[in-house]
Amino acid sequence: MRSAQAGDRAAYQAVLRASVPVAAAAARRMGVPPDVVDDVVQEVLLTVHRALATYDPARPFLPWLRAITVRRAIDALRRGGRSRAREVHDPDAYLNHAEETPDMYDAAEKLREADRLKAAIATLPPRQREAIEIIGLREHTLEQAAGQTGSTKGALKVNFFRALQSLRTRMGSDGDV
Amino acid sequence: MSDTASQEALIGRLCGALRPVRVLPAPWKRTALWVVVVLAAALLLARVADLPSYLARLTAAPDMWLSQAGAAATAVLAAWAAFQTSIPGRPARAALLPLAPALVWVGASTAGCLRLTPLAGAVPEPPMHALECLKFLLLVSVPLVSLLTWRLACACPLRPGLTALLAGLASAGAASCLLSLIHPFDATAEDLLVHLAAVLAIIALSRAAGPRMFKPRRRP
């Protein structure tokens, strides 16, 4: 370390390489998660570089290195604690979350309902069927429907509401008519 | 890049950035240098201060010299503790050292306010003069704490908050000692409260700003 302080790069490299397992072991002993140990070691190496002038060659090296490791491990644990407090890891919640888009069962049910409605419309008397097709399905106005069919607006209205009543009865009270 | 490879790359970068460094002097030597600056400021103030009156005030009542001694000891020990905690591996227990003199300082100052007999040689404090004291304490503390922070940043404070707090306490103690040179008034409760507020403000300022100053400017 004395040579490293004097600018000897080979000695410095040896010191840093020797510091890696010491720092990693100390971090693990302090309870740093395994996936964070390498980050702590890198922080320790950076701090060693910054604190090079603070090392007193008359004193042992390991307590100096250990003090740096302990502080950096505490920093990592605090960072981890903060992120754990903000983020929740719950894989079951993802699996149990209902999908917002309709699934294939919903689509099949809707097709079945549409077929039932078509069949019910087909059984209506011709005037009512005409009224429901033009006003209900094609969404034309009463004036447009009267022009197309040659019926009066009043007759169309009556046929339309009678058709609705019949369809409600045939599709059931919970039908979407 | 694997972790071992990235560590090797970092070690390579650090070795490439290596420059010869001079080992920092011992904390007591660095403290002594800062104390010399404070003494230089005291010498400048002594030129405008009424020194015989100051000495008379100090010896007139035990609380006067006790609070002065407490403030001075707090300044020196807090500065030493700040330098000590700025070096990795040095015990953080050093931070407890200035507590005892700080208690003496506050205790003696409080006792001065409770003293029934007025201080011989002291003049009554003009109204609102405590605010002048507040200004003096803040104006003197800022350069002192800046100097201390600058010197501390040369080391590597691993507990930047604690080190900055000690630097603030040291500067506040020193500023209080300097103020007493030109403060020919007896202690009053208002005075004590303003001094206490100033000391706490200096410590809070240092605690808030110091850790930012300790951060390295550039990473290798």
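Please keep in mind throughout that the model is predicted.

I begin with the interface. The size of an interface is often given as the accessible area lost when the parts come together. Here, chain A and chain B bury about 2,900 Å² between them, and carbon and sulfur atoms account for 63% of that area. In terms of residues, 34 from chain A are in contact with 31 from chain B.

What polar pairing links the two chains? Between chain A and chain B there are 6 residue pairs in polar contact, with both residues at pLDDT 80 or more. On the side of chain A that touches chain B, the elements giving two or more residues are helix H1 (2–5), helix H2 (9–29), helix H3 (34–50) and helix H4 (61–86) of chain A. Of these, H3(A) gives the most, with 9 residues. Sorted by class, that side of chain A comprises 17 nonpolar, 7 polar and 10 charged residues.

I turn now to the salt bridges. Side chains of opposite charge can pair when their charged atoms come close. Over all chains, the structure holds 8 salt bridges, and the count between chain A and chain B is 1. That salt bridge joins the side chains of Arg17(A) and Glu8(B), at 2.8 Å from N to O. Within chain A, Glu130(A) forms a salt bridge with Arg127(A), and their closest N and O atoms are 3.7 Å apart. Both residues lie in helix H7 (residues 126–137) of chain A, 3 residues apart, which is about one turn of the helix.

Finally, the helix pair. Helix H8 (residues 142–149) and helix H9 (residues 153–171), both of chain A, pack at an angle of about 100 degrees, and their axes are 9 Å apart. Angles of 65 to 115 degrees count as roughly perpendicular, so H8(A) and H9(A) are roughly perpendicular to each other. From H8(A), Leu142(A), Glu143(A), Ala145(A), Ala146(A) and Thr149(A) meet Lys153(A), Leu156(A) and Lys157(A) of H9(A). The residues of this contact divide into 4 nonpolar, 1 polar and 3 charged.

Notes: Residues numbered from 1 in each chain as written. Chains lettered and ligands numbered in written order. Predicted model: local features only at pLDDT ≥ 70, side-chain atom pairs only at ≥ 80, totals over all residues. Heavy atoms only, no water. Axes fitted to C-alpha atoms, helices over the stretch in contact; angles between N-to-C directions. Helix = DSSP H or I, 4+ residues; strand = E, 2+ residues; numbered from the N terminus. Parallel < 35°, antiparallel > 145°, perpendicular 65-115°, else oblique. Contact = heavy atoms within 4.5 Å. Nonpolar A, V, L, I, M, F, W, Y, C, P; charged D, E, K, R; others polar. Buried area = accessible area lost by both parts, 1.4 Å probe. Salt bridge = Lys/Arg side-chain N within 4 Å of Asp/Glu carboxyl O. Polar contact = N/O pair within 3.5 Å; in protein donor to acceptor, adjacent residues only side chain to side chain.
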